[in-house]
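Welcome! Please take a moment with the sequence and the 3D view, and then let us walk through them together.

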Amino acid sequence: MSGIKRSVSTRSSARLTAMISHANPHNPAVTLFELNSSATASESATPDRPAKRVKFSKEEISDEDEPLSELSDDPYTPEPGPSKLTPKDSARSRKTPKKSEGKAPAKAKSPKKPKPIPTALETPHPAPDNWKVVYDKIKEMRSKVTAPVDTMGCDQAQRGETDPRCRRLSTLVSLMLSSQTKDEVTDAAVSQLRTALGGSITVAAIIDAEDSTISGAIGKVGFWRRKTQYIKQTAIQLRDNHDSDVPKTVDELCALPGVGPKMAFLALQRAWNLNHGIGVDVHVHRISNRLGWHKPSTKTPEETRLNLQSWLPKELHADINHLLVGFGQTICAPVRPKCEQCTLSSDGLCPSAQVVKPKVSKSKSKATKMVKNAKIVQKDADKEEVEDADAKPKIEIAFEEEEVKSRVKAVATLGDGVASVDLSSAIKFEEEE
């Protein structure tokens, strides 16, 4: 039964009063009604007005309405025939009823376990030709140059710590800060964070520190707001799940917020001295593709890692990152690589080597132009002397010789000693004439 009541309009009530009742002559139990002609005439004279709706509050409706059970005692029996429910109504009817408030809430779903990090390819990638020669030449070039990674890499973050756990944690924090950040900025941020935490990077100090303290120390690294949250959450997980120490497996490290495969493999190598794989960053990914070590070229660092691990000897897994990162920072840069300084380019071992044309300095080009101009002036002067010798007397010719001589000397002086002018031939020519 609907809980909404509508008032009867004055027009409809007037129509009810205009009815005249009388008994049925054929059946006295039946009462007949007829319209009153006078009432209908007066009603038609007045214009119809729209019915007004009267609003009732919920309390009035609940008090005045009778319960549904008092309206009819007979149960409702639907009429036989096909159902008239719409697809939307049928979908609503199939919904499960809501649980009552008295029942206990459902248990929260457990978080999904992260997928294990792959360590090998199903089909190993073949070893490229002359890779050992190329590797040795890069190693030789690296021994002559000091790169930023040599003095400010993640392994250098342990210098300010004495406790082994703090040394391992400093390495992990340095790797987390190094993403999208240069080594110089990362090294300075680690030192500032150590000072802000009281002289040592520990799990307890990170948890107790305010977010503003951590972000103020690492504010110059890329994505410092996000990394502040990652460092804080990582410290909490290390305290709760790993006895306030850095894990020893790749999967456990990758389960930490803000830690990827590259950081995990490098953390195991630098913190625990465990060689479980190659840490591939943008330098290793770029240089290995430039050298043609992947057929076809890889598109992600993870593809590069799996390819390299399939053919590179395991004893070189821990060194290739440090080797190629320094090589990429000093010689094989991402933009404008210094191919003229690379022995791989001169020996024809790099398929991506760029031919660099030697640049001519501006001073040399200017001097060359001045010499050319001086020679042109000298030729013009010689022609003028020959023409004047035919048309003028010798006295005037001698005068012209002196004038030409002074002009050519001035041009030679402008050449700053570069142009050499010899007028003896011109003088002898005039004397013979």
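**A guided walk**

By class, the lining of the largest pocket is made up of 12 nonpolar, 13 polar and 9 charged residues. Here Ala, Val, Leu, Ile, Met, Phe, Trp, Tyr, Cys and Pro count as nonpolar, Asp, Glu, Lys and Arg as charged, and the others, Gly among them, as polar.

Before going on, a word on the model: it is predicted, local features need pLDDT of at least 70, side-chain atom pairs count only at pLDDT 80 or more, and totals for chains, interfaces and linings use all residues. Residues are numbered from 1 along each chain as its sequence is written, and side-chain values use heavy atoms, with hydrogens and water left out.

Back to the pocket (on a 1 Å grid over the protein atoms alone, an open set of points where a 1.4 Å probe fits, with protein on both sides within 12 Å along at least five of seven lines; lining residues have an atom within 4 Å of a point). The largest pocket has a volume of about 900 Å³, the volume being the space filled by probe spheres set on the points, which are joined across faces, edges and corners. Of its 34 lining residues, Ser178, Lys262, Asp281, Val282 and His283 are the closest to the centre. Helix H14 (261-272) gives the largest share of the lining, 5 residues. Helices (DSSP runs of H or I, at least four residues) are numbered from the N terminus.

Now look at the packing. Isoleucine 218 is in contact (heavy atoms within 4.5 Å) with Leu177, Ala189, Leu193, Trp224, Lys227, Thr228 and Ile231, leaving aside neighbours within four places in sequence.

Finally, visit some loops. Asparagine 130 sits between helix H5 (87-93) and helix H6 (131-142) and has a positive phi of about 60°, although it is not a glycine. Glutamine 180, between helix H8 (164-177) and helix H9 (183-196), also has a positive phi, about 55°. Asparagine 130 is partly exposed, at 49% relative accessible area, whereas glutamine 180 is exposed, at 65%; buried means under 20%, exposed over 50% and partly exposed in between, with a 1.4 Å probe and protein chains only. The peptide bond from lysine 295 to proline 296 is cis, with omega near -5°.

Methods
Helices (H or I, at least four residues) and strands (E, at least two) are DSSP runs, numbered from the N terminus.
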